[in-house]
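Please keep the structure in view while reading.

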Amino acid sequence: MNNILTAANLSKSFKALQVVKDVSLTIQNGEFACLVGKSGSGKTTLLSILSGLEKPTKGRVSINSTSITDSSENELALFRREKVGFVFQSFHLIPTLCAWENVALPLFPVKMDKEIRKKRAIELLNQMEIGHRAEHRPSSLSGGEKQRVAIARALVNRPEIIFADEPTGNLDSETSGAIMDILKHLNKKNGMSILMVTHDQDLAASTDRIIHMKDGKVVS
Amino acid sequence: MNLIYMGKELYHRKRRTLTAVFSLALGITILITINALSKAYSEAARMPLKEIESDIIVQRAGNVPENLDGAVFACSAVTIRKDEVNQIRQLQGIQGFVQALLLWVFDADRFTIVLGFDPKNPVGPGALRTQVTQGKFFEKGKNQALAESSYAETYDIKPGDTVTVGGQDFQISGIVDASRATKIAVANIYLDMEDAQRMAKESKQVQNVSPFESNDANILFIKANPEQIDSLARSIKKIIGEKASISTPASFLKHLGSLFSLSDKFSLATSLIALVITILIVLKTMAGNLAERANEIGVLKAVGWSNKDVVGQVIGESIIQCLAGGILGLIFSLIAASMLGLIQVSIPIPWEMSPTPHFLPGGGDPVFKTLQLPVSISWRLAVFSIILSTTIGAVTGGLLSRRISRIKPSEVLKNE
Ligand SMILES: Nc1ncnc2c1ncn2[C@@H]1O[C@H](COP(=O)(O)OP(=O)(O)OP(=O)(O)O)[C@@H](O)[C@H]1O
Ligand SMILES: [Mg+2]
């Protein structure tokens, strides 16, 4: 199997503080990998670098053999729009937009037929089993429903890999299980590659691979 | 960029949006109204001259007549010599020109103000042609004259009658309505220039005060290119000399003495101040709005919006908001204009421009031209203010969005 993501010798410093230290890792195509480690160990920072949200101080990242190390800000934005989907712990939905519009958000800058855009968003919401909430704003949705909207948004641009930073961190255990099932389903049925950060040992154990981080280093 | 998204954001932040929209509307209203008022006053100041089909009226002040006997010159209008007339006529920017002669005629049984001019010339008192209520306008070379209605009533004069003025007989061709006549160079009898010139030339009183040749005049009515009126007035002053009395729309504007007629600088300064305050309010509300949205903009960037997309969104919102403000301001201005249009202004006509002897009943009373303030909002001003609002929207949006669009998504998306 080929690698969807390759990172070599990544380092990241904020002023004097080195947060990521010489990390090299690969994620295989179709793999569901899990990043664990103590708070402050640098998981979010590493995820930001791997997903093109942040530039490393040193090292190289490529996704599907597209190197993003030397990309400009604009190229990175385009890269995120076309190749990457994000799911965050605190959902980060736009409060003024309804569910389907939030899903379609990454497509707003894309020139395409409005109806097609809406259709694609609604389809994804149906897939997440919240099609009936398509016209509701985030404030009227439960945490689980918000995260389903966020996952639909991550999928709307048909990405090659999904980065999820503690996607169940704000949810109770039952809802966490449901969200996890959705991610697993995406991984198994659609072959979506996923890199997820979590603190939950059980959730981590149910993925293909666990990557441990400690003090900015990948230890296993 | 997405219109619905822009609209929803603006709607969601109603208070901010309304603050920006209304302050811009107010600024635009002040801008338009002040400019419309200032234009209305200069338009009004043009009216007394406009109704006598002139832009400039030229006279020369002189001495008071020694004896009030026969034809005399009012002290406000003495001889303007033929050579001076010709010199003025050749100035650049003159579009129409007529010379006239105003005389006070003291006959044994009556006093008559006489105005002589070429009846075929549409400039100046020739405009009276449309105000004839009985009979016809007088013709050249036929010893005809036009009588003003209240004078005609006093002396029981009808079209076809013969009147004797200054020892000459004239046949009355028609009556002109005094109330509808102009307020400048008002006379009792209007007649041909040559007849008036003869009367003046033969008058000892005239010759004593101000030597007069048969081709001279004492009032000039000039139509001119609007842009050149003031420079023409200066050139004419040079030709006539110290005693010149030259009336232009600008000189009437001075008599109006309104704040808005004082100077263009006043309206310009007020409009500018209003605009600057408006822009500051719009900037402040938008900056507050954007500061609250750092997180949201981080999300947009995380999901793949480029800086340009973010800038576009913010500018779009700002333009929509400012355009709404501009349109609202235009509506406010139209309402304001229709109310200001009810204001009546009275433009004082200087005694010199329509002299009557002080000893007569009503002589020397102040004369006013009263009219409703012609306030209107020109298409140009309307279009300009809409373009201006849009530009304010684009510029403030552009200024504010530049920085916010550079937000690093990873900074704001840190789990809070
Ligand atoms: N922009 C930044 N500037 C300075 N320091 C930063 C910045 N971002 C992260 N850090 C520091 O880097 C370290 C790692 O942060 P990071 O958010 O990656 O940890 P984490 O493993 O995701 O922790 P958690 O499990 O609590 O989310 C922390 O000590 C944090 O204070
Ligand atoms: Mg973290």
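Angles under 35 degrees count as roughly parallel, those over 145 as roughly antiparallel, those from 65 to 115 as roughly perpendicular, and the rest as oblique. This is a predicted model, in which local features need pLDDT of at least 70, side-chain atom pairs count only at pLDDT 80 or more, and totals for chains, interfaces and linings use all residues. Residues are numbered from 1 along each chain as its sequence is written, chains are lettered from A in the order in which they are written, and side-chain values use heavy atoms, leaving out hydrogens and water.

**Helix packing in chain B**

- Helix α3 (residues 82-89) of chain B packs against helix α7 (residues 229-240) of chain B at an angle of about 160°, and their axes lie 10 Å apart.
- The helices α3(B) and α7(B) are therefore roughly antiparallel to each other.
- The crossing in which α3(B) passes α7(B) is right-handed.
- In this contact (heavy atoms within 4.5 Å), α3(B) contributes B:E84, B:Q87 and B:I88, while α7(B) contributes B:I236, B:I239 and B:I240.
- By class, four nonpolar residues, one polar and one charged make up the contact of α3(B) with α7(B).

**Positive phi in chain A**

- A:E129, a residue other than glycine, has a positive phi near 65°.
- The loop between α4 (114-127) and α5 (143-155) of chain A holds A:E129.
- A:E129 is exposed, with a relative accessible area of 62%; buried means under 20%, exposed over 50%, and partly exposed in between (1.4 Å probe, protein chains only).
- A:R158 is not a glycine, yet its phi is positive, at about 50°.
- A:R158 lies in the loop between α5 and β7 (161-165) of chain A, and it counts as exposed at 58% relative accessibility.

Methods
Axes fitted to C-alpha atoms, helices over the stretch in contact; angles between N-to-C directions. Helix = DSSP H or I, 4+ residues; strand = E, 2+ residues; numbered from the N terminus. Left-handed = near helix turned anticlockwise from the far one by under 90°. Nonpolar A, V, L, I, M, F, W, Y, C, P; charged D, E, K, R; others polar.
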